[in-house]
Amino acid sequence: MANLRVLVDGRVISHPTAGGRGVGRYTIGLVRAMRASGADVVVLVDSTQDDHEWRAAIDGVVTEPLTRNTIHAEPPSTWFMCTQMMLHPIALDVVPLAVTEAGLRVVGVLHDVIPYRHPDRYLVEDAARVQARLRAGLVRTFDRLLSNSTFSADTASAVLDFPRDRIHVVGAAIEPQFEPSNDAKSIDGRLARLVDIGLDLARERVVAVTGGDDRKNTPGLIRSWAGLPPELRANHQLVIACATVPAVRDRWHHIVHHLGLGWQSDVVVTDTVTDDEMVALYQGAALSVFPSLEEGFGLPVAEAAASGCRVICSDNSSLPEVIGDERATFDANDVADMTSVIRSGLEDATFRELLVEIARNASSRWTWDRVGRSAVEALNEDSTFSTAQRSHRRRVALVGPFAGSPSGIGAYNERILEAWNSTSRSAEMEPIIDLTATSGTAGSRRNVAGLGRYFRKHDFDAMVNTLGSSEFHAATLASLGERAGHVWLHEPTLVGCHVGIGHLSGQRDWAETRLRDELRRAGVSESAWPADLLDADGHHRANITFLEPVLAAAETVIVSSDDAADVVKSIEPNHPPILVMPLAAPRNERATMPVGRTIVSYGWLDESKKPELLIGAVATLSGWMRDIRLVFAGGCSPELRARLDAVVAARHLEEWVHFTGWLDAHQLTHTLLSARVGVQLRRNARGQRSAAVAEFRSRGIPVITDIETEEITDADVLAEELRPLLTSDQDWRRASDESWRAGREFLFDDLVEALDSWVFPSRPHARGSVTHAHDLVPRSHEHASLS
Amino acid sequence: MRVVKALLTRITGRDVRALRAEVAEIRNQVQVINDVVQSLNHDVRSGADRSLPLFLGYAERVRLDADTAVGAVQSIERQIARLEALIDEASTPAKRS
């Protein structure tokens with residue numbers, strides 16, 4: 001038989017309520033024990049923090065990132081161990097989709113089904129009841145359950161309608177720090193903090209680990225304590241160890257007072273205690289009482305026993321199993337019976353001797369060695385698994401703005417998606433939409449805001465995150481996390497994104513605080529910060545890019561030019577693998593020479609596009625010719641629009657300059673085809689390329705741009721460049737031919753082929769390497785030569 | 001479904017009962033989704049008719065119900081996968097090791 005192999009869901013270690021407590025600790029112990037019993041255990045982790053915690057908890061533990069690839073690489077005999085089955089708050093990704101797709105067998109770790117058994121108390125909200133029903137349905141799809149007690153197994157089988165013969169009782173175990181000690185001085189020293197809240201080291205103590213929940217029966221315990229003879233109580237304190245909320249403490253205080261007992265003297269409630277304080281409380285106690293009305297496994301009973309403490313407990317649920325002898329139990333619903341057994345446990349020498357023996361036996365029974373062996377035996381017992389080949393159709397997510405976004409990258413992403421899914425590729429591409437600062441909805445597509453909650457990175461084989469330097473990428477940027485996948489930097493700076501988010505907020509204080517945090521994350525020293533944090537040009541002048549955290553998290557980086565690659569290299573010499581991917585042009589029909597002299601600048605308009613320079617050039621041209629139109633095709637902020645309107649009015653160019661606002665695809669095509677010349681200017685260009693330029697070229701429309709060449713800063717110089725294209729048909733045709741040739745060099749078909757090769761490489765990419773898309777798609781050179 | 005029908009003619013007894021139970025389970029889950037969506041629709045509409053602070057509470061309800069829908073989908077995905085496995089098993093018994 002092949003060695004048992006188990007993938008354990010390690011995310012439970014950081015679950016908000018279970019991580020540092022019972023369920024998290026149980027999972028760590030179970031992994032350690034199964035490894036010790038010979039199982040090949042791999043812990044799947046979703047973050048560096050979880051990975052560190054697992055490695056700190058178990059020496060030599062094997063961890064793997066929770067990815068679709070990791071899961072699909074497993075043979076069908078592998079088990080997936082579900083550790084978040086019944087947690088509250090309810091975990092949404094209990095069994096990753098990839099586990100189901102890969103057909104792996106699933107075993108769930110069951111701690112209790114108490115909420116199902118007492119819905120009036122624990123499932124009060126309708127939503128909670130519905131979620132519990134769903135969770136039960138999910139559990140019924142599991143192959144096996146591992147249970148901590150026979151009681152849990154029996155009740156789970158009944159309430160979840162799960163076959164009892166597929167639930168294996170593996171028990172629970174006591175951590176090694178729970179051990180006896182006779183060193184009274186040391187014990188008292190470790191309890192010094194509790195003396196301050198009322199613990200009296202001169203009196204014998206009876207310890208109870210309970211809780212605020214009625215099921216823990218703390219009021220019943222207090223009442224039974226009050227029933228003891230006063231002289232016996234005078235020599236003893238009842239110490240209730242548990243964390244409580246003020247309302248519960250107030251209620252208990254009232255009960256204590258009503259019964260004539262002293263609060264924090266006869267009865268001491270500790271609130272949260274450390275592990276060491278808990279052990280010390282047991283070690284020096286005369287007796288431990290566990291009065292609960294129901295427990296999946298009463299671990300404190302076993303822990304008290306292991307600490308050398310005499311233990312008595314309720315005679316219900318799993319507790320008789322844990323203590324292992326009915327003579328050490330009482331009826332938790334009968335205060336007089338509880339009082340009687342507590343009294344015997346303190347005064348009856350014979351009974352006290354018996355309790356020592358019972359505790360010794362109990363503590364020897366609940367070991368991790370036993371849990372590990374039982375779990376391995378249970379999973380080995382089931383040798384049935386499907387060997388049918390499961391299809392593993394790879395999925396790649398393209399994240400960013402799409403059609404409807406003011407960002408030009410939105411339309412560009414839409415074209416990538418169309419090109420990818422129109423040909424047979426090695427993976428399906430799914431769009432994940434960034435709706436930042438738009439009024440659109442995701443429709444039937446996924447919204448990036450749901451990433452990590454309603455769908456996850458490990459639902460995909462690869463994530464391609466597209467970023468530009470505007471606020472329309474804020475949600476994509478926020479979703480990157482520490483495993484960012486492939487990051488496509490259409491501009492090698494995020495200044496516009498961060499500053500744009502600030503302006504978008506309309507809250508200067510908030511925006512500045514956020515920018516300070518981001519500058520610190522990027523490691524920019526305060527002396528380099530611009531005086532006005534919301535001034536994008538100030539950041540550019542200081543060579544601030546905000547890229548450092550993104551490059552640290554990126555699997556690879558995609559840029560548009562060698563210049564942009566140089567920026568990345570200058571920030572991080574040991575940079576992630578870089579792909580230089582030129583902007584692709586769509587396969588459009590060639591435009592004919594239009595009637596009229598229309599100049600078009602298209603895309604989201606901001607200061608970096610130098611609109612005033614372009615208006616200045618038109619003003620110069622207006623001295624030479626009369627029938628010119630300058631069209632800014634795309635949206636812009638109301639503030640900029642108001643300022644540009646004033647500039648236009650001051651120059652008396654109202655009939656010459658037009659702002660269209662945002663255009664749909666049809667309107668945009670119509671506007672582009674009216675262009676005699678396209679103009680795309682960019683201030684502080686640092687290696688980015690323009691999709692608008694590619695769009696003009698794809699139609700053979702002449703373009704004047706300074707994005708790839710020396711920056712144009714003078715309106716008259718720009719006017720001189722525009723003049724021949726507007727006045728000479730021969731010059732226009734020559735420029736159109738040149739534009740058309742350039743527009744055929746790298747098409748979207750080439751782009752998706754290069755992207756496919758890059759995202760799913762035959763060999764891993766090396767850090768510090770730079771690859772050019774043309775090398776991945778040799779045939780793209782043919783387009784240029786054919787033209 | 002013609003393929004499934006054809007497969008079902010070849011299996012009998014326990015396997016048929018198991019398949020029926022699985023399908024019933026799926027139907028139950030779909031019913032849950034249907035209930036949640038209808039209730040959500042009602043609540044959001046009636047919430048929107050009232051004041052904004054109230055609507056914030058409904059927004060939280062929307063989030064909770066979206067969570068529930070996600071849970072339901074996960075359950076359905078697994079049940080369908082099991083159904084497929086059962087059909088696989090019924091059609092080619094030799095494929096089980």
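## Two helices that cross in chain A

In this predicted model, Gly29(A), Leu30(A), Arg32(A), Ala33(A), Met34(A) and Ala36(A) of H1(A) meet Trp368(A), Asp369(A), Val371(A), Gly372(A), Ala375(A) and Val376(A) of H19(A), where two residues are in contact if their C-beta atoms, placed from the backbone, lie within 7 Å. The residues of this contact divide into eight nonpolar, two polar and two charged; here Ala, Val, Leu, Ile, Met, Phe, Trp, Tyr, Cys and Pro count as nonpolar, Asp, Glu, Lys and Arg as charged, and the others, Gly among them, as polar. Helices (H or I, at least four residues) and strands (E, at least two) are DSSP runs, numbered from the N terminus.

The axes of helix H1 (residues 22-36) and helix H19 (residues 368-381) of chain A come within 8 Å and cross at roughly 70°; such axes are lines fitted to C-alpha atoms, for helices over the stretch in contact, and angles run from 0 to 180 degrees between N-to-C directions. H1(A) and H19(A) are therefore roughly perpendicular to each other, a label for angles of 65 to 115 degrees, while angles under 35 degrees count as roughly parallel, over 145 as roughly antiparallel and the rest as oblique.

## How to read the model

Residues are numbered from 1 along each chain as its sequence is written, while chains are lettered from A and ligands numbered from 1 in the order in which they are written. Because the model is predicted, local features need pLDDT of at least 70 and side-chain atom pairs count only at pLDDT 80 or more, whereas totals for chains, interfaces and linings use all residues.

## Domains of chain A

Chain A is divided into domain 1 (5-169), domain 2 (184-365), domain 3 (394-580) and domain 4 (597-743), with bounds that come from an automatic or database domain assignment. The centres of domain 1 and domain 2 of chain A, taken over C-alpha atoms, are separated by 31 Å, and their contact takes nine residues from domain 1 and seven residues from domain 2. On the side of domain 1 that touches domain 2, helix H8 (residues 150-160) of chain A gives the most, with three residues, and the residues of that side divide into two nonpolar, six polar and one charged.

Strand E8 (residues 204-209) of chain A is mostly covered, since five of its six residues are buried; a residue is buried if 20 or more other C-beta atoms lie within 10 Å of its own, exposed if 12 or fewer, and partly exposed in between, with C-beta atoms placed from the backbone. E8(A) pairs in the parallel sense with strand E9 (residues 236-241) of chain A over six bridges, and Glu204(A) has His236(A) as its bridge partner in E9(A); two strands pair if DSSP finds at least two bridges between them. E8(A) also pairs in the parallel sense with strand E11 (residues 287-290) of chain A, over two bridges, and Val207(A) stands opposite Ser288(A) in E11(A).

In a regular strand the side chains alternate between the two faces of the sheet. In E11(A), Leu287(A) and Val289(A) point one way and Ser288(A) and Phe290(A) the other way, and all are buried. E11(A) pairs in the parallel sense with strand E12 (residues 311-314) of chain A over three bridges, and the bridge partner of Val289(A) in E12(A) is Ile312(A).

## An open sheet and a buried glutamate

Eight strands of chain A form an open sheet with parallel pairing, in the order E16-E15-E14-E17-E18-E19-E20-E26, and its edge strands, E16 (446-447) and E26 (770-772), each pair on one side only. Strand E17 (residues 462-467) of chain A runs parallel to E18(A) and is joined to it by four bridges, and the bridge partner of Val464(A) in E18(A) is His486(A).

Glu491(A) lies in the loop between strand E18 (485-489) and helix H22 (495-505) of chain A, and Glu491(A) is buried, with 28 other C-beta atoms within 10 Å. Not counting residues up to four places away in sequence, Glu491(A) touches Gly468(A), Ser469(A) and Gln688(A).

## Chain B and its contact with chain A

Chain B has three helices and zero strands, and of its 97 residues 14% count as buried. In the contact between the chains, 22 residues of chain A meet 25 residues of chain B; on the chain A side, H7(A) gives the most, with eight residues.
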